[in-house]
Amino acid sequence: MIEVTVVLENKSGEPLYLQLYNYFKQEIQSGSIKRGEMLPSKRKLSLHLGISQNTVETAYQQLVAEGYVNSVPRKGIFANEINTDLILKPSKDSSRNSNVFKEESEPYIIDFSHGKIALEHFPFTSWRRLTLQSLYEEQSSFFLNGDIQGELPLREEIAKYVYHSRGVKCSPEQIILGAGTQYLMGLLTMMIGRDAIFSMEDPGYHRTREAFKDQGVNLIPIPLDEDGISMKYLYDSKAQITYVTPSHQFPMGMVMPITRRMELLKWAEEKDRYIIEDDYDGEFRYRGKPIPSLQGLDPNGKVVYLGTFSKSLIPSIRINYMVLPETLLKKYLDHFSLYKQTVSRLHQHTLWNFMKEGHWERHLNKMRTVYRKKQQTLISSIKKHLGDHVRMIGDDSGLHVLVSVQNPLSEKELIEKAKEEKVKVYPTSVYYQNLNSYKGPMVLLGFGGLAEHEIEQGILLLKRAWNLY
């Protein structure tokens with residue numbers, strides 16, 4: 001086992017787990033830690049460095065996810081072989097090439113990514129115990145193919161959860177699990193038929209838009225108004241299918257009111273049309289009571305409901321699900337039952353135990369509190385430090401807000417100026433299919449993966465970067 005000489009800085013502003021992760025990454029990349037060498041156990045390293053085991057666990061999980069190490073159950077964590085020829089290194093002539101690969105040597109201090117979550121609050125101990133329990137219970141069966149729709153006990157737990165939390169009315173038989181929204185969208189497109197006219201919100205989630213395009217469908221962008229997708233443009237489009245994010249429109253953030261939801265359901269009822277409702281982060285609403293899902297309001301079987309555990313649990317688990325109305329379920333069973341399940345049975349069984357034992361509900365309640373505090377910190381920091389120079393958009397729910405900056409800088413310039421201060425912010429123009437509708441400049445600020453002090457630090461750096469005094 002290797003000796004660790006890392007020095008962690010509590011006052012650096014960078015999370016301890018990230019400092020530890022960067023130390024091991026650099027040691028493996030440089031060859032100081034060689035292939036097959038075992039890293040210290042989480043207990044020993046936490047005692048040695050005087051930090052919590054959760055901090056070590058989070059750093060190790062990130063190393064595992066990126067392939068730098070391999071976790072062998074009941075043995076330990078071992079370094080993998082890295083092709084160092086593919087790793088960008090600064091030039092030896094540092095005086096002549098001081099800016100070459102600057103991002104590798106000088107990483108971002110603050111990353112306002114909307115895809116990151118608060119990993120430090122993930123219940124590693126419970127999840128690890130349940131994973132090992134899943135391996136021991138009927139161990140051999142999990143090495144074989146399971147139910148094509150996903151394991152029935154998990155689908156039963158999901159059906160109970162979505163009914164009580166989101167008002168979704170379904171049986172476990174209507175639920176299909178899949179590894180990611182894009183996979184499920186591809187399967188759904190084939191069920192509905194590629195000759196149908198599809199539509200989606202504009203702006204809207206760009207990965208869904210690309211999934212539709214990869215299926216070769218006719219996709220029509222529908223602009224938004226203050227309540228969400230525009231019904232006038234939707235009717236004019238002659239679309240038969242529409243994709244919406246009513247609980248927290250991505251990326252603009254508005255919550256579709258009940259009147260617009262009823263109008264949308266009426267549109268679907270009038271002809272043989274379907275609504276695809278993506279409830280990607282409906283668990284996190286900070287003002288008022290949650291509005292029931294479209295699917296729960298639909299008496300005619302015209303809504304396909306999509307849900308995910310990526311935002312509320314961990315992104316890498318890759319467990320998404322869709323609830324099919326009876327008409328599409330019949331098509332699935334008749335024509336698509338040859339498609340094998342894409343989610344690991346081990347992860348399915350672990351998640352089932354996690355939900356059955358009540359860990360899921362406790363974790364979700366905890367994360368609502370955590371994210372509410374982070375969101376309040378972001379909003380108060382923006383108001384305090386940026387004031388009237390910016391306008392916030394979509395701050396009622398979810399894990400991100402949009403910021404419209406009132407200065408002459410373009411979106412690209414805002415991002416580049418922020419980068420100079422080592423702060424990463426994200427464009428919103430990528431979510432528009434029709435760029436003529438883009439009302440920039442706007443940037444997206446996610447806050448799920450940042451500590452509260454990092455959020456305020458990031459806003460202060462943006463104030464300096466954008467010269468908002």
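**Stop 1: two crossing helices**

Start by selecting α5 and α13: α5 passes α13 in a right-handed crossing. (A crossing is left-handed if the near helix is turned anticlockwise from the far one by less than a right angle, and right-handed if clockwise.) Helices here are DSSP runs of H or I with at least four residues, strands are runs of E with at least two, and both are numbered from the N terminus. Before you go on, know that this is a predicted model, where local features need pLDDT of at least 70, side-chain atom pairs count only at pLDDT 80 or more, and totals for chains, interfaces and linings use all residues. Residues are numbered from 1 along each chain as its sequence is written, and side-chain values use heavy atoms, with hydrogens and water left out.

To find the pair, pick residues 124-136 for α5 and 345-356 for α13; their axes come within 9 Å and cross at roughly 120°. That makes α5 oblique to α13. (Under 35 degrees counts as roughly parallel, over 145 as roughly antiparallel, 65 to 115 as roughly perpendicular, and the rest as oblique; the axes are lines fitted to C-alpha atoms, for helices over the stretch in contact, and angles run from 0 to 180 degrees between N-to-C directions.)

Now show side chains. From α5, the contact uses Trp 127, Leu 130, Thr 131, Gln 133, Ser 134 and Leu 135, and from α13 it uses Leu 346, His 349, Thr 350, Leu 351, Asn 353 and Phe 354. Contact means heavy atoms within 4.5 Å. Sort the residues of this contact and you get 6 nonpolar, 6 polar and no charged. (Ala, Val, Leu, Ile, Met, Phe, Trp, Tyr, Cys and Pro count as nonpolar, Asp, Glu, Lys and Arg as charged, and the others, Gly among them, as polar.)

**Stop 2: rings in the contact**

Keep Trp 127 and Phe 354 selected: both are buried. (Buried means under 20% relative accessible area, exposed over 50%, and partly exposed in between, with a 1.4 Å probe and protein chains only.) How many aromatic pairs does the count come to? It comes to 15. Rings of Phe, Tyr and Trp (its six-membered ring) pair if their centres lie within 6.5 Å; planes under 30 degrees apart count as stacked, over 60 as edge-to-face and the rest as tilted. The ring centres of Trp 127 and Phe 354 are 5.4 Å apart with planes at 70°, so this pair is edge-to-face. Trp 127 sits in α5 and Phe 354 in α13, so the pair ties together parts that are 227 residues apart in sequence.

Next, click on His 363, in helix α14 (residues 359-385). His 363 counts as buried, at 7% relative accessibility. Leaving out residues up to four places away in sequence, His 363 touches His 121, Phe 122, Pro 123, Ser 312, Leu 313 and Phe 354.

**Stop 3: another partner for α13**

The axes of α6 and α13 are 9 Å apart and the helices pack at an angle of about 45°. That makes α6 oblique to α13. Which way does α6 pass α13, left-handed or right-handed? The crossing is left-handed. Pro 153, Leu 154, Glu 157, Ile 158 and Tyr 161 of α6 meet Gln 348, Leu 351, Trp 352, Met 355 and Lys 356 of α13. This contact of α6 with α13 divides into 7 nonpolar, 1 polar and 2 charged residues.

While you're in α6 (residues 152-166), select Val 162. Val 162 is buried, with a relative accessible area of 0%.

**Stop 4**

Most residues other than glycine have a negative phi, and most peptide bonds are trans. Go to Asp 202 and Pro 203: a cis peptide bond joins them, with omega about 10°. Pro 203 is in the loop between β5 (197-202) and α8 (206-214). Then try Phe 250 to Pro 251, another cis bond, with omega near 10°. Pro 251 is in the loop between β8 (241-244) and α10 (258-270).

Finish at Lys 238, in the loop between α9 (231-237) and β8. Its phi is near 65°, a positive value in a residue other than glycine. Lys 238 is exposed, with a relative accessible area of 61%.
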